[in-house]
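Subject: Structure handover and findings

Hello,

Here is the structure for your files.

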Amino acid sequence: MARLAGLLLALAALLTVIGLGALSSAAGNRLLVRLAEEALAPALSVTGVSGSLLSELCAQSVRYQTSDLAVLAEAVCINPRLWSSIDFLTVDLSLARAKRLEILTFDADGPPEVGARTLSLPVGISVDDLSIDELIVDEVVITDLNVMLNLSNDDLSSSGTFTYDQAPVRLATRGGWSALEIEVEAYDATLAAELNLPDRTLPWQARLLSPSLDLAAFMDRNSVIQSLVVEGAGTLSTYRLDAKGRLQDALGEVAFSILGDGSRSELLLEQVDLNY
């Protein structure tokens with residue numbers, strides 16, 4: 001029995017050495033990437049792999065495409081913490097960067113899928129330093145993104161900065177999906193709100209609550225939106241919007257209600273009610 005235990009220990013040590021050798025060699029890492037491509041074929045394609053998972057692994061491009069989603073990343077590098085990710089339940093990165101990341105959503109060919117589709121992640125994601133020079137989500141362009149991110153099915157904690165329409169923006173989130181606290185600073189204004197996304201599924205449903213939103217940075221007089229409630233529901237490409245609140249400024253107070261349908265490129269207002 002002691003000899004068998006010793007043999008098993010020696011075999012485990014040998015497999016560990018072989019595994020570390022594969023992870024530390026360029027050929028071993030290319031093999032792992034090829035295995036990932038084969039497992040996710042034909043959705044995943046990776047080119048120009050260099051480096052090592054034990055230090056920094058880079059790729060010239062990473063493409064992932066399904067019937068309603070396309071992702072293209074260029075000049076990608078990651079620095080993983082393998083021992084934190086060894087249970088395969090968490091992807092733990094000390095650094096992740098990309099020169100360009102483009103995400104496109106579009107209507108899938110054929111009939112729509114029946115029933116809800118889950119948005120839950122199979123693993124958690126933690127990144128100490130995520131930087132993207134240019135991020136494009138459909139027609140929205142964000143540059144100079146730098147963020148700390150911790151994402152799981154129960155929590156989204158993030159803090160970072162980016163530039164949108166030549167304006168610096170600071171964004172922070174914390175809490176669970178059923179009551180996610182959001183704080184955005186841009187154009188000398190701050191939006192503090194709570195986002196409710198109780199079901200992580202498609203079609204999605206969400207509710208945004210903000211007790212007060214100062215519009216002074218956008219208008220030539222002091223104006224504040226009180227008790228803002230925005231409710232929405234939709235798919236990746238279309239949504240239904242219902243917003244209510246009260247606008248207060250030097251001219252008085254007006255309660256408003258807005259109802260409309262939107263897509264990735266436009267919002268069509270169906271009804272606008274104003275009560276002075």
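The notes below go from the overall picture to single residues.

This is a predicted model, so local features are reported only at pLDDT of at least 70 and side-chain atom pairs only at pLDDT 80 or more, while totals for chains, interfaces and linings use all residues. Residues are numbered from 1 along each chain as its sequence is written, and side-chain values use heavy atoms, with hydrogens and water left out.

Overall
The average pLDDT (the predictor's confidence in each residue, from 0 to 100) is 79, and 78% of the residues score at least 70. Residues 1–22 have pLDDT below 50, and beyond near neighbours in sequence this stretch makes four contacts in the model (contact: heavy atoms within 4.5 Å). The protein has two helices and 18 strands, taken as DSSP runs numbered from the N terminus (helices H or I, at least four residues; strands E, at least two). Of its 276 residues, 29% count as buried, where buried is under 20% relative accessible area, exposed over 50%, and partly exposed in between (1.4 Å probe, protein chains only). Among contacts between residues at least 6 apart in sequence, 34% join residues at least 24 apart.

Cores
A nonpolar core here is a set of buried Ala, Val, Leu, Ile, Met, Phe, Trp, Tyr and Cys residues joined through side-chain atoms within 4.5 Å. The largest one has 16 residues, and Leu-130, Ile-132, Leu-135 and Leu-145 have the most contacts inside it. At least two of its residues come from each of β4 (69–80), β5 (90–105), β7 (124–137) and β8 (140–151). A second, separate core of eight residues includes Leu-151, Leu-156, Leu-180 and Ile-182. Back in the largest core, Leu-135 is among the residues with the most contacts; leaving out residues up to four places away in sequence, Leu-135 touches Leu-101, Ile-103, Val-140, Val-141, Ile-142 and Leu-145.

Single residues
Glu-102 is in strand β5. Its side chain and that of Arg-100 are joined by a polar contact of 3.1 Å (a pair of N or O atoms within 3.5 Å; within protein, one must be able to donate a hydrogen and the other to accept it, and residues adjacent in sequence count only if both atoms are side-chain atoms). Not counting residues up to four places away in sequence, Glu-102 touches Ala-70, Val-71, Leu-72 and Ile-136.

Ser-265 sits in the loop between β17 (252–263) and β18 (267–275). Ser-265 counts as exposed because its relative accessibility is 55%.

Regards
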